[in-house]
Amino acid sequence: MNSALSRYATPFITGLFLVSLVSGVALFFHVGMGTFHEMHEILSMVLIVPFVLHVWKNWRSVVNYLKRAPMWIGLAVSLLVAVPFALPSSGSEGRSGPPQFAIAMTVLQSSVQDVAPIFGTDGAGLTAKLTAAGFTVTDPSESLMAVAEGSGQSVEAVAAALVAR
C-alpha cells in the first residue's frame with residue numbers, strides 16, 4: 001500500500017467518524033436537519049474509502065480479531081440491533097420515516113383531482129399545470145405517482161411541479 005495512503009487512512013477514519021457522529025446526533029435530536037442530513041449521508045459514504053484502506057493496512061490484526069469470540073459477539077449484537085430498523089412496522093407495508101414523508105407519500109399516492117384543492121385549483125386546473133410542466137396526465141383520477149411513471153419522470157419532479165408558482 002502506498003505509504004501516504006497508509007499514513008492517512010486512520011486519521012481520515014477518525015475525522016469522518018467524528019463528522020458522522022456529530023451530524024448523526026444532530027439528526028437524532030432534529031437539530032439543523034437541512035444542514036446535517038446531506039452532510040451525514042454523503043460523508044458517511046466517503047467514510048467507506050478510508051475504512052477499506054484501514055482494513056487493508058491492518059489485515060493481519062483483523063484476521064486475528066476474527067479468530068476470537070469478542071469480534072463475532074460484537075458483529076452479531078450489531079446485526080441484531082440493526083435488523084428491527086429494517087423490518088416493516090406492524091400494520092404497515094414499511095417504515096414511512098418522519099411524519100412529513102408519510103404525508104408526502106399519501107399526497108403522491110392520491111389522484112390529481114383529489115389533491116388539486118390542496119393547491120388551490122380543481123382537477124382540470126392541476127392537470128393543465130402538470131401538462132404544462134411536461135407530464136402526461138391521461139385522467140384526473142390517476143395518482144400523482146402514476147403520472148410520474150407514465151411520464152417517465154420521478155415523483156420528486158411531480159412534487160416540484162406541484163409547488164412551482
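What follows is a chat about the labels and the values behind them.

Modeller: Happy to. Keep in mind that this is a predicted model.

Colleague: Start with the whole chain. How many helices and strands does the protein chain have?

Modeller: Ten helices and zero strands. Reading along the sequence, you get α-α-α-α-α-α-α-α-α-α.

Colleague: What makes the protein chain more spread out than a compact globule?

Modeller: The radius of gyration is 23 Å, while the globule rule gives 15 Å for 165 residues. The value is well over the rule, so the chain counts as more spread out than a compact globule. The C-alpha trace spans about 65 × 40 × 30 Å along its principal axes. Buried residues make up 20% of the 165 residues. And take the contacts between residues at least 6 apart in sequence: 53% of them join residues at least 24 apart.

Colleague: Which residues in H2 and H3 meet?

Modeller: On the H2 side, Ser 44, Met 45 and Val 46; on the H3 side, Ile 48, Val 49 and Pro 50. The residues of that contact divide into five nonpolar, one polar and no charged.

Colleague: My notes also list aromatic pairs. How many are there?

Modeller: The count comes to two aromatic pairs. One is Tyr 8 with Phe 12, a tilted pair with 6.2 Å centre to centre and 50° between the planes.

Colleague: Why is the pair of Tyr 8 and Phe 12 called tilted?

Modeller: Start with the distance: 6.2 Å between the centres is within the 6.5 Å needed for a pair. Then the planes: under 30 degrees would be stacked and over 60 edge-to-face, so the rest are tilted, and 50° belongs there.

Colleague: And how far apart are Tyr 8 and Phe 12 along helix H1?

Modeller: They are four residues apart in H1 (residues 3-28), so about one helical turn separates them. Tyr 8 has 45% relative accessibility and therefore counts as partly exposed.

Colleague: What makes the pair of Phe 28 and Phe 29 edge-to-face?

Modeller: Their planes are 90° apart, and over 60 counts as edge-to-face. The ring centres are 5.0 Å apart. Both Phe 28 and Phe 29 are exposed.

Colleague: How do you know whether Ser 20 is buried or exposed?

Modeller: Its relative accessibility is 18%. Buried means under 20%, so Ser 20 counts as buried. Ser 20 lies in helix H1. Leaving aside neighbours within four places in sequence, Ser 20 is in contact with His 40 and Ser 44.

Colleague: What about Ser 6, buried or exposed?

Modeller: Ser 6 has a relative accessible area of 19%, and the cut-off for buried is under 20%, so Ser 6 is buried. The C-alpha atoms of Ser 6 and Trp 56 are 50 residues apart along the chain and separated by 9.0 Å.

Colleague: Why is Pro 11 called partly exposed?

Modeller: Its relative accessibility is 44%. Buried ends at 20% and exposed begins over 50%, with partly exposed in between, so that is the label for Pro 11. Pro 11 sits in helix H1, and its C-alpha atom is 9.7 Å from that of His 54, 43 residues away along the chain.

Colleague: What makes His 30 worth a note?

Modeller: His 30 has a positive phi of about 55° although it is not a glycine. Most residues other than glycine have a negative phi. His 30 is in the loop between H1 and H2. At 59% relative accessibility, over the 50% cut-off, His 30 counts as exposed.

Colleague: Last one: how do you know that Leu 126 is buried?

Modeller: Its relative accessible area is 1%, and the cut-off is under 20%, so the label holds. Leu 126 lies in helix H8 (residues 123-132). Not counting residues up to four places away in sequence, Leu 126 touches Val 112, Val 115, Ala 116, Thr 121 and Leu 162. The C-alpha atoms of Leu 126 and Ala 69, 57 residues apart along the chain, are separated by 61 Å.

Definitions and conventions
Residues numbered from 1 in each chain as written. Predicted model: local features only at pLDDT ≥ 70, side-chain atom pairs only at ≥ 80, totals over all residues. Heavy atoms only, no water. Contact = heavy atoms within 4.5 Å. Helix = DSSP H or I, 4+ residues; strand = E, 2+ residues; numbered from the N terminus. Nonpolar A, V, L, I, M, F, W, Y, C, P; charged D, E, K, R; others polar. Phe/Tyr/Trp six-rings, centres within 6.5 Å; stacked < 30°, edge-to-face > 60°. Buried < 20%, exposed > 50% of the residue type's maximum accessible area, 1.4 Å probe, protein only. Rg over C-alpha atoms; globule rule 2.2 N^0.38 Å.
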